[in-house]
Amino acid sequence: EPLALLVVAAMVLAGCVINVFCLAESPAMPDGVHVGGPVRKTSWWHELEVDRRELDTDVGAEPEPQLQAVAGVDEAIGFFAAWRIPGVLEYSLAYACLKVVNYSLFFWLPFYLTDSLHWSRTVASKLSTLFDLGAVVGGTLSGIASDWLGRASPVFAVMLLIATPFLFIYRQFGTGVVSNSVLMFMIGFWIGGPANLISGAISVGLGQHEKLKGNTKAMSTVAGIVDGTGSVGAAVGQYLIGLIETRSGWQNVIYFLMAMLIMAIVCTGRMVFNDCCELRQKYKTRNRGL
């Protein structure tokens, strides 16, 4: 176990080093230039690139500007004003419900396999990684599907609608190693996709609402509200999972997780309906044009 923690710590340290030396502050700030403050280089090869440009520049030639003028600076949006943006409240509550399920499976799955199915900790730890693998695949394909469709909420709702009965099937038929592995991957697929959508693409879409007029600071505020509300829901959910399991067993835990998925769908019902109507209208318009 100490060696495993050392490997994880080394990976975290490597990620920190990459972010510090290689990650630009913003896509709109090339070459590591920081707007509103002193010029700062964010990557070690930036200096080499500047030296190469100076050598390639003819003597007496006018140097290229390193930063173009920025027309205006975005003002931060208020906390309560961000909540009034259409969709923020609904998606925040939906993410709170979804994060309860996602984090419960992430943290409690190994314990469930050892406590309910009486498998060894080694087998339980290895099999529980299939949930994460399914989430990776589901997150990728859900992003592709939402880009192709042009709307993320229908993909979000459909995937959660499919994930709900999979939890019940997992409890009833996931008693063998093979069946448990397959069902665990499928649950990760159908739950991980919506979780990645709502924390990424949907949050960005809410931050780009027409009322904000392209305010990038408002986008960060909205994303923080959605993710923060989800974290609060996940924290409360971990307490409830332990309470339910102690008093009534794992069967009711599964029912509780299914109820959370249904609540997430209900919270986004208005956005799903509006997006489906827009897609239907777009489809009709395109057919008339043909």
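The questions below take up a helix, the cysteines, the aromatic rings and one asparagine in turn.

This is a predicted model, in which local features need pLDDT of at least 70 and side-chain atom pairs count only at pLDDT 80 or more, while totals for chains, interfaces and linings use all residues. Residues are numbered from 1 along each chain as its sequence is written, and side-chain values use heavy atoms, with hydrogens and water left out.

Q: How do you know what span is expected of helix α4, and what span does it reach?
A: Helices are DSSP runs of H or I with at least four residues, numbered from the N terminus, and the expected span is 1.5 Å times one less than the number of residues. Helix α4, residues 88–115, has 28 residues and reaches 39 Å from its first C-alpha to its last, close to the expected 40 Å.

Q: Where does α4 bend, and by how much?
A: The bend at a residue is the angle between axes fitted to the seven residues ending there and the seven starting there; at Trp-108 this angle is about 55°, and Pro-110 follows within four residues.

Q: Why is Cys-97 called buried, and what is Cys-16 called?
A: Buried means under 20% relative accessible area, exposed over 50% and partly exposed in between, with a 1.4 Å probe and protein chains only. Cys-97, at 12%, therefore counts as buried, whereas Cys-16, at 42%, is partly exposed.

Q: What makes the rings of Phe-106 and Phe-107 a pair, and of which kind?
A: Rings of Phe, Tyr and Trp (its six-membered ring) pair if their centres lie within 6.5 Å, and planes under 30 degrees apart count as stacked, over 60 as edge-to-face and the rest as tilted. By this rule there are nine aromatic pairs. The centres of Phe-106 and Phe-107 are 5.0 Å apart and their planes stand at 85°, so this pair is edge-to-face.

Q: What makes Asn-102 buried?
A: Its relative accessible area is 18%, so Asn-102 is buried.

Key
Helices (H or I, at least four residues) and strands (E, at least two) are DSSP runs, numbered from the N terminus.
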